[in-house]
Amino acid sequence: MNLHPFTEGLAQGQLRYQCCEDCGAPQTLSRLACTACGSERLAWQQASGQGTVLAASVISRAPSDAFRPLVPYTLVLVELAEGPRVVGHALPGTAIGDRVRAGTFAHEQRNLLRFAPTA
Ligand SMILES: [Zn+2]
């Protein structure tokens with residue numbers, strides 16, 4: 001099975017992001033070219049997992065059968081310490097401005113991203 005580098009990272013308990021090898025700009029989501037300089041030399045790096053919550057919402061209607069057992073659940077948009085932004089699950093009550101740390105949990109034979117508050 002050929003996993004996407006982001007998914008493969010989560011399977012190993014790592015949070016990965018793309019970074020430009022020419023100008024060093026971190027990329028949000030997976031890109032084919034650097035959003036800052038246009039270079040196609042993008043490499044995957046392991047994030048520290050530390051970040052800050054920019055947005056949070058509670059999902060009460062699952063987008064698919066696979067997520068139905070999880071509702072209600074909290075999704076957050078997090079700006080990582082390295083700069084890129086990622087969306088992941090979060091513990092209930094997680095709010096905008098919270099400092100969080102990335103972790104994973106197993107669901108339907110996959111590891112999903114979940115953030116927890118840092119002490
Ligand atoms: Zn670049």
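The entries below cover the metal site, the pockets, an aromatic pair and some backbone details.

**Ground rules.** I am working with a predicted model, where local features need pLDDT of at least 70, side-chain atom pairs count only at pLDDT 80 or more, and totals for chains, interfaces and linings use all residues. Residues are numbered from 1 along each chain as its sequence is written, and side-chain values use heavy atoms, with hydrogens and water left out.

**Zinc site.** I looked up the protein donors of the zinc ion and found Cys20 (SG), Cys23 (SG), Cys34 (SG) and Cys37 (SG), lying 2.3 to 2.4 Å from the metal. Donors here are N, O and S atoms within 2.8 Å of the metal (3.2 Å for Na, K and Ca); water is not among the atoms, so sites may look incomplete. The angles among the four donor atoms run from 107 to 114°, and the site is tetrahedral (four donors with all angles between 85 and 135 degrees). For reference, I noted that the ideal angle for four tetrahedral donors is 109.5 degrees. The donor residues follow the spacing C-x2-C-x10-C-x2-C. Cys20 sits in strand β1 (residues 16-20) and Cys34 in the loop between β2 (26-27) and β3 (42-46), so this pair ties together parts that are 14 residues apart in sequence. Strands (E, at least two residues) and helices (H or I, at least four) are DSSP runs, numbered from the N terminus. Both Cys20 and Cys34 are buried. My accessibility classes are buried under 20% relative accessible area, exposed over 50% and partly exposed in between (1.4 Å probe, protein chains only).

**Largest pocket.** I noted a volume of about 270 Å³. A pocket is an open set of points on a 1 Å grid over the protein atoms alone, where a 1.4 Å probe fits, with protein on both sides within 12 Å along at least five of seven lines; lining residues have an atom within 4 Å of a point. The volume is the space filled by probe spheres set on the points, which are joined across faces, edges and corners. Of the 14 lining residues, Phe67, His89, Arg110, Leu112 and Leu113 lie nearest the centre. Strand β8 gives the most to this lining, with four residues.

**Second largest pocket.** About 200 Å³ of space lies here. I counted 15 lining residues, with Phe6, Leu29, Ser30, Arg85 and Val86 closest to the centre. β1 and β6 each supply at least two residues of the lining.

**Aromatic pair.** Which residues form the aromatic pair? They are Phe67 and Tyr73, tilted, at 6.2 Å centre to centre with 40° between the planes. Rings of Phe, Tyr and Trp (its six-membered ring) pair if their centres lie within 6.5 Å; planes under 30 degrees apart count as stacked, over 60 as edge-to-face and the rest as tilted. Phe67 counts as buried at 18% relative accessibility, and Tyr73 counts as buried at 9%.

**Backbone notes.** Val71 and Pro72 are joined by a cis peptide bond, with omega about -10°. Pro72 lies in the loop between β4 (50-59) and β5. Leu29 has a positive phi, near 65°, and is exposed at 63% relative accessibility. Gln109, in the loop between β7 (99-107) and β8, also has a positive phi, about 65°, and is exposed at 86%. I wrote these down because most residues other than glycine have a negative phi, and most peptide bonds are trans.

Note on methods:
Four donors count as tetrahedral if all angles lie between 85 and 135 degrees; four count as square planar and six as octahedral if opposite donors are over 155 degrees apart and all others between 65 and 115; anything else is irregular.
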